[in-house]
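I open this notebook to record what I looked up about aromatic rings, helix packing and charges over rings. The entries follow the order of my reading.

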Amino acid sequence: MNYGQKKIAEAAEFCQKFTTVSPTYAFEVGSHPAIAGQTHKFMGIRNGIDTELWSPTENKFLPIPYDADTAEEGKRRAREELRKRTNMSSWQDKAIVAVVSRLTPQKGVHLIKHAAYKAIDRGCQFVLLGSAPDPKLQAEFDELANELGHGQDAGFLFKYDEPLSHLIYAGADVILVPSNFEPCGLTQMIAMRYGAVPVVRHTGGLRDTVFDVDNDKPRAAWEVVGSSDFMRDGVDETNGFAFEGLDEGGFDYAFNRCIDAYYNDRAWFRALQSRIMRQDWSWNRPAIDYVELYYAAIRSS
């Protein structure tokens, strides 16, 4: 909403319906003066991912194909290959924590830098794929890489490399998305497709797709499978760890719970990875929502 506010306001006034890319982001921006008077016509529909492009079952960029039933072996092989590509040690087969992101303030770069130290402090390995368009910010990450990247537990790849991202999603046990704001976000949905558990800040589409394992069981059951009583129906569709604030303490709250679960109950964590792979974050449901929206627009015209 930083640009084109006048045109947005005009479009909102004269259209039948208008949308953004997630329900929570629609709520977050609904009070903006450009659209505040038109929120009865405003709707958020989350994006989806291309599940054929982002598929661990048929993927030339992975050592072996895998699905939810064979994820443990498939991800183990991917970790081995990722460590070779990043010159990280394979000693103890540590958990791999990954970030795949443009390095901009929107993406929570202060928390990404904090996460690199935190992951290594918790006995994990840290991998980052992405770069900063701002030279000053890139220099800060270059310094971080020089400090941490010469050891055996960190890999920094400052570039855009889609083939490599497939391997990182597959090799990662945990994916971090600590965005300041996020209209929808695709990273968390792609990562879950590969069995990487998301740790996210609950904002925008991140809240609509990641349900905290400790705090979001009712909401997850309703949003994922349409159950109004997860206890009665015996369903658990939670799929990650979330926090609310922009501070390091908030991030640590979610990240520490995730890594504690990894260390304290590995079988539970592997089952969580398989569960999130079975969830559907394709365009199937959003497409139905758009069709219903178009019919509503016709009826209101």
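Entry one, aromatic rings. I found that Trp 54, Tyr 169 and Tyr 194 form one aromatic cluster. I note that the model is a predicted one. My count of aromatic pairs came to 11.

I then looked up the pair of Phe 18 and Phe 42, which is stacked, with 4.6 Å centre to centre and 20° between the planes. Phe 18 belongs to strand E1 and Phe 42 to strand E2, 24 residues apart, and the pair links distant parts of the chain. Phe 18 has a relative accessible area of 15% and is therefore buried, the cut-off being under 20%. Phe 42 is also at 15% and counts as buried.

Next I returned to the cluster. Trp 54 and Tyr 169 pair edge-to-face, at 5.9 Å centre to centre and 90° between the planes. Trp 54 lies in the loop between E2 and helix H3, and Tyr 169 lies in helix H6, so this pair ties together parts that are 115 residues apart in sequence. I recorded Trp 54 as buried at 11% relative accessible area, and Tyr 169 as buried at 3%.

Entry two, helix packing. I looked up helix H4 (residues 109–121) and helix H5 (residues 135–148), which pack at an angle of about 5° with axes 11 Å apart. H4 is therefore roughly parallel to H5. The residues of this contact divide into nine nonpolar, no polar and three charged. Among those that meet are Ile 112 and Tyr 117 in H4, and Phe 141 and Leu 144 in H5.

I found the charged end of Arg 257 over the ring of Tyr 253, 4.1 Å from its centre. Arg 266 lies over the face of Tyr 262, at 3.8 Å from the ring centre.

Terms used. Residues are numbered from 1 along each chain as its sequence is written. This is a predicted model: local features need pLDDT of at least 70, side-chain atom pairs count only at pLDDT 80 or more; totals for chains, interfaces and linings use all residues. Side-chain values use heavy atoms; hydrogens and water are left out. Axes are lines fitted to C-alpha atoms, for helices over the stretch in contact, and angles run from 0 to 180 degrees between N-to-C directions. Helices (H or I, at least four residues) and strands (E, at least two) are DSSP runs, numbered from the N terminus. Angles under 35 degrees count as roughly parallel, over 145 as roughly antiparallel, 65 to 115 as roughly perpendicular and the rest as oblique. Contact means heavy atoms within 4.5 Å. Ala, Val, Leu, Ile, Met, Phe, Trp, Tyr, Cys and Pro count as nonpolar, Asp, Glu, Lys and Arg as charged, and the others, Gly among them, as polar. Rings of Phe, Tyr and Trp (its six-membered ring) pair if their centres lie within 6.5 Å; planes under 30 degrees apart count as stacked, over 60 as edge-to-face and the rest as tilted. Buried means under 20% relative accessible area, exposed over 50%, partly exposed in between (1.4 Å probe, protein chains only). A charge sits over a ring if NZ of Lys or CZ of Arg is within 6 Å of the ring centre and within 35 degrees of the ring normal.
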